[in-house]
Amino acid sequence: MMNNAQIKELIGSDYSYGAYRRHVRTMNHLASFIQKEYKVSDLYVMEVDLNFVNGFHHYLKTQKTGNQNTVTKYVVNFKKIMRMAFANNWVKKDPFYSWKAEWKKVERDVLTEAELRSLIELQLESKSLEQVRDIFVFCCFTGLPMLMSKSFQTTI
């Protein structure tokens, strides 16, 4: 089974840094949920059932861990782990069999040509902000998503 350490080793080839961080956050949210709801630090994987899944989903929504799609992504990450456990016969029944992910359609705003032009012409006070602006503008013109690596984030 793929664990977070293995995912971390595959950053750049099979996983992005952001995907790795989401898996770590999922693990941390699960640990907090188990502690709060069950008053223990860990549970046997066989104890996970649909009630656990629904409880985890509800916990994430009430703890304000993000919007609908963020919460759903955390539960889907957990679902992948439980599907691996089911495939390895560590659990007799897939607890996600009756659970369905609910995604909310998001309308993204698009910069107008005038807004983009003003951003290009904006005079900034630091080289690092200029670099971020230039990369953002490049991504706007090419359609590339602006995914920043951890090393780039620390230079800003």
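Modeller: Helices here are DSSP runs of at least four residues, numbered from the N terminus. With that, Lys-39 sits in the loop between H2 and H3. Keep in mind that this is a predicted model.

Colleague: What is phi of Lys-39?

Modeller: Near 60°, a positive value in a residue other than glycine.

Colleague: And is Lys-39 buried or exposed?

Modeller: Exposed, with a relative accessible area of 62%.

Colleague: Which loop holds Asn-89?

Modeller: The loop between H4 and helix H5 (113-121).

Colleague: Switching to helix packing. At what angle do H2 and H4 cross?

Modeller: Roughly 90°. H2 covers residues 17-38, H4 covers 68-87, and their axes come within 9 Å. Angles of 65 to 115 degrees count as roughly perpendicular, so H2 and H4 are roughly perpendicular to each other.

Colleague: Which residues make the contact?

Modeller: From H2, Arg-22, His-23, Arg-25, Thr-26, His-29 and Leu-30. From H4, Lys-73, Tyr-74, Asn-77 and Phe-78. They divide into 3 nonpolar, 4 polar and 3 charged.

Colleague: What do the buried residues of H4 pack against?

Modeller: H2 and helix H3 (50-62). Those buried residues include Val-71, Val-75, Phe-78, Met-82 and Ala-85.

Colleague: What happens at the start of H4?

Modeller: A side-chain oxygen of Asn-67 reaches to within 3.0 Å of the backbone nitrogen of Asn-69.

Notes: Residues are numbered from 1 along each chain as its sequence is written. This is a predicted model: local features need pLDDT of at least 70, side-chain atom pairs count only at pLDDT 80 or more; totals for chains, interfaces and linings use all residues. Side-chain values use heavy atoms; hydrogens and water are left out. Axes are lines fitted to C-alpha atoms, for helices over the stretch in contact, and angles run from 0 to 180 degrees between N-to-C directions. Helices (H or I, at least four residues) and strands (E, at least two) are DSSP runs, numbered from the N terminus. Angles under 35 degrees count as roughly parallel, over 145 as roughly antiparallel, 65 to 115 as roughly perpendicular and the rest as oblique. Contact means heavy atoms within 4.5 Å. Ala, Val, Leu, Ile, Met, Phe, Trp, Tyr, Cys and Pro count as nonpolar, Asp, Glu, Lys and Arg as charged, and the others, Gly among them, as polar. Buried means under 20% relative accessible area, exposed over 50%, partly exposed in between (1.4 Å probe, protein chains only). A polar contact is a pair of N or O atoms within 3.5 Å; within protein, one must be able to donate a hydrogen and the other to accept it, and residues adjacent in sequence count only if both atoms are side-chain atoms.
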